[in-house]
Amino acid sequence: IEANVAMIESDEDAKPYFDCGDNEKYTFLEDVSGGFSPSGTEPGFIIRNEPHMKAFLPSDACMPLTYGGSFSDGTRCNAFCKNVCIRYVHILSGIAEATKLVLTQGDTSYAYYLDDLHDKFRMVLPGGSYQAKFYDTNDIEVIAGSPVVSVFRTPKCTGYADQSSFVFSTGEPTMSPSLAPSLSFAPTKPYTVPINLSQGKEASQICNYSSTKYPARHGNDGIISTRRSWMTHTCKRANAWWKVDLGGLKQIESVEIWNRPDCCQSRLSNFYVQFLDEYGDELSSIYNDGYFMKNKKFTAGRNVFARYVRIQLTAGEPLHLMEVKVLGWDVSPDLLESGASCSDSTQCASGLCTGESVCY
């Protein structure tokens with residue numbers, strides 16, 4: 001939206017703002033004169049007050065507006081960002097497997113997920129240079145053939161992003177060399193990359209929010225979307241849970257959880273990631289204090305074998321999830337643990353038998 005007007009000492013009711021719905025998720029308005037800013041003196045942009053809009057902006061650039069709508073958690077859904085220059089960008093990967101795009105600028109990285117309605121990655125960015133990498137649903141980097149960057153409406157400010165702002169990976173990813181402390185401890189078999197053990201497996205939840213929407217199977221269908229129709233959602237019940245059956249005891253390396261994309265992210269807080277045996281008894285668990293806006297990975301620890309993984313709240317809120325990935329190895333729990341004697345790597349739970357015939 002472009003506006004070449006000035007509103008000096010105007011009432012808040014007369015100033016523009018955006019609704020909190022999905023249709024305004026990437027909406028912003030450039031204020032060239034500064035008439036819309038809280039102080040009424042600084043140029044900048046009115047934006048949706050969400051992490052995907054502020055990922056690469058200075059931490060002190062934006063302040064929530066005191067008028068306009070709010071999300072269900074009370075957070076104001078509009079902010080004014082001063083002295084920045086942002087632009088709307090589309091990136092088409094050119095490869096069907098790409099579902100996630102990670103942009104990195106300096107020490108800051110942010111993940112954008114494929115908009116399945118538009119079949120492209122959408123973002124609002126300031127100027128600068130970005131390293132861009134695409135990943136598939138298993139979080140393995142994929143190399144795009146000919147990415148297409150589209151930029152929209154040149155802003156009045158300077159230092160904005162354009163097609164030359166992006167540097168894409170052009171070759172196959174390579175593993176970093178091993179830093180083995182000595183030749184005698186060099187592994188005889190390379191580390192095996194963990195796979196997604198949970199995708200498509202049987203999932204359940206304590207209760208359903210709706211008889212037709214948000215089923216448990218959406219939590220491990222491999223779809224990470226910006227649309228709420230692909231998430232899970234329980235009814236409001238104490239200690240609500242979602243669970244996936246891996247079909248047998250599997251060695252688990254980590255669990256990655258994606259929160260819902262549209263609102264109410266604080267509901268997914270103060271919960272346990274639980275690892276259960278074949279009888280549903282808890283073997284171990286990880287507690288998460290607080291909440292996260294996008295996704296978070298939880299490391300299970302060494303030699304964790306479980307059949308079920310359960311996400312369980314500690315309060316009385318409904319539980320909703322966009323996606324859960326249980327990463328690990330489809331191996332038997334009777335494999336040898338770290339420190340045990342071995343003759344080859346296939347005997348070790350880690351897949352590594354050292355030169356001294358000891359499981360790593």
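## Rings, cavities and strands: a briefing

The structure holds 14 aromatic pairs. In one of them, the ring centres of Tyr110 and Tyr112 are 5.0 Å apart and the planes meet at 65°, so this pair is edge-to-face. Keep in mind as you look around that this is a predicted model. Below, we go through the aromatic rings, the cavities, an open sheet and a hairpin.

**Aromatic rings**

- Let's stay with the tyrosines for a moment: Tyr110 has 17% relative accessibility, and because buried means under 20%, Tyr110 counts as buried.
- Tyr112 is buried too, with a relative accessible area of 4%.
- Another pair is made by Phe121 and Phe134, whose ring centres lie 5.7 Å apart with planes at 45°, so this pair is tilted.
- That pair links distant parts of the chain, since Phe121 sits in strand E9 and Phe134 in strand E10 (residues 130-135), 13 residues apart.
- Phe121 counts as buried at 0% relative accessibility, and Phe134 is buried with a relative accessible area of 3%.
- Both phenylalanines belong to one aromatic cluster, formed by Phe56, Phe121, Tyr130, Phe134, Phe166 and Phe168.

**Cavities inside the model**

- A handy idea to start with: rolling a probe the size of a water molecule over the atoms shows where empty space is left.
- In this structure there are two cavities of 30 Å³ or more.
- The largest cavity has a volume of about 190 Å³.
- Its lining is made of 16 residues, and Lys25, His52, Tyr110, Pro261 and Lys294 are the ones nearest the centre of this cavity.
- Helix H1 (51-54) and strand E8 (108-113) are the elements that give two or more residues to the lining of the largest cavity.
- Strand E8 supplies the largest share of that lining, four residues.
- Sorted by class, the lining of the largest cavity has eight nonpolar, three polar and five charged residues.
- The second largest cavity holds about 40 Å³ of space.
- Which residues line the second largest cavity? They are Tyr113, Ile224, Ser225, Trp258, Asn259, Arg260, Pro261, Lys294 and Met322.
- By class, the lining of the second largest cavity divides into five nonpolar, two polar and two charged residues.

**An open sheet of three strands**

- As background, strands of a sheet pair through backbone hydrogen bonds, either parallel or antiparallel.
- Here, three strands make an open sheet in the order E9-E6-E12, with antiparallel pairing.
- Strand E9 (121-126) and strand E12 (148-151) stand at the edges with a single partner strand each, so one side of each has no neighbour in the sheet.
- On average, neighbouring strands of this sheet are turned by 30° against each other, direction ignored.
- Strand E6 (residues 86-92) is joined to E12 by four bridges, and the two run antiparallel.
- To trace this pairing yourself, look for His90, which stands opposite Ser150 in E12.

**A hairpin**

- How many bridges pair E17 with strand E18 (residues 282-291)? There are seven, and the pairing is antiparallel.
- One place to look is Gln274, whose bridge partner in E18 is Ser285.
- E17 and E18 form a hairpin with five residues between them.
- In the turn of this hairpin, Gly280 has a positive phi of about 85°.
- Strand E17 (residues 269-276) is mostly covered, with six of its eight residues buried.

Definitions and conventions
Residues are numbered from 1 along each chain as its sequence is written. This is a predicted model: local features need pLDDT of at least 70, side-chain atom pairs count only at pLDDT 80 or more; totals for chains, interfaces and linings use all residues. Side-chain values use heavy atoms; hydrogens and water are left out. Two strands pair if DSSP finds at least two bridges between them. Axes are lines fitted to C-alpha atoms, for helices over the stretch in contact, and angles run from 0 to 180 degrees between N-to-C directions. On a 1 Å grid over the protein atoms alone, a cavity is a set of points where a 1.4 Å probe fits but cannot get out, and a pocket is an open set with protein on both sides within 12 Å along at least five of seven lines; lining residues have an atom within 4 Å of a point. Grid points are joined across faces, edges and corners, and a volume is the space filled by probe spheres set on the points. Ala, Val, Leu, Ile, Met, Phe, Trp, Tyr, Cys and Pro count as nonpolar, Asp, Glu, Lys and Arg as charged, and the others, Gly among them, as polar. Rings of Phe, Tyr and Trp (its six-membered ring) pair if their centres lie within 6.5 Å; planes under 30 degrees apart count as stacked, over 60 as edge-to-face and the rest as tilted. Buried means under 20% relative accessible area, exposed over 50%, partly exposed in between (1.4 Å probe, protein chains only).
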